[in-house]
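I opened my notebook beside the model today and looked up a few things, one after another.

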Amino acid sequence: KRGYDVVYSSSLPTTGATKRDAEAVFLKAQDMFINEEVDAIYLLYSKFFSPIRQIPQVVQLLPIEPPKVEDQEAVEHYMKSYAFEPEPKELMAELLPRYAMTIILQGLLESAASEHGARMTAMTNATDSAGEMISNLTLQANRQRQAAITKEILEVVSGAEALKS
């Protein structure tokens, strides 16, 4: 509708996203990033807070950037020499894709939860509105019926009075 090119589309089950769904999205994003089709990849999703509160989120997925640190003392405190096994490059090659897939899965799950929450809220509002409408229409029908009965009683009484005179 807005003229954007959709390079990948996937339907998710109503039961929610799975690890395979996140992996499929990650593999496509990783492929596009490695082949330099894109410079950066961002994940946009609805963060679920409650059934009536969802907030749009934007997270940079690739390239993965280290978190910004405001407290330099804390950085120096944790900057020690560590021994890694396997080597840091091998470890990062294994952990960073898992981290990215976890972020994607979180986004998919929170979006699904947000959708279900919004639907639940909409259905609750519709049910409440329908109940209120039924009450109003019932009251209106009862008033009309009462007016008709009162009119008939007045006609009978008027007829009886006319016969007496």
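Predicted model: local features only at pLDDT ≥ 70, side-chain atom pairs only at ≥ 80, totals over all residues.

I started with V157, which is partly exposed because its relative accessible area is 45%. For my own reference, buried means under 20% relative accessible area, exposed means over 50%, and partly exposed lies in between, with a 1.4 Å probe and protein chains only. V157 sits in helix 3.

Residues are numbered from 1 along each chain as its sequence is written, and side-chain values use heavy atoms, with hydrogens and water left out.

Next I asked: is S114 buried or exposed? S114 is buried, since its relative accessible area is 4%. S114 also belongs to helix 3. Leaving out residues up to four places away in sequence, S114 touches S46, K47, F48 and Q54, where contact means heavy atoms within 4.5 Å.

Then I turned to the strands. Helices (H or I, at least four residues) and strands (E, at least two) are DSSP runs, numbered from the N terminus. Strand 1 and strand 2 pair in the antiparallel sense over 9 bridges; two strands pair if DSSP finds at least two bridges between them. A hairpin of 2 residues joins strand 1 to strand 2, and Y45 stands opposite Q57 in strand 2.

My next stop was the helix packing. Helix 1 (residues 19-34) and helix 3 (residues 88-164) pack at about 115°, and their axes are 9 Å apart. Axes are lines fitted to C-alpha atoms, for helices over the stretch in contact, and angles run from 0 to 180 degrees between N-to-C directions. On the helix 1 side, the contact includes V25 and F26; on the helix 3 side, I104 and L108 are among the residues taking part.

Last, I looked up the largest nonpolar core, which has 14 residues. Such a core is a set of buried Ala, Val, Leu, Ile, Met, Phe, Trp, Tyr and Cys residues joined through side-chain atoms within 4.5 Å. Helix 3 gives the largest share, 5 residues. F26, I41, L43, L61, I104 and L108 have the most contacts inside the core.
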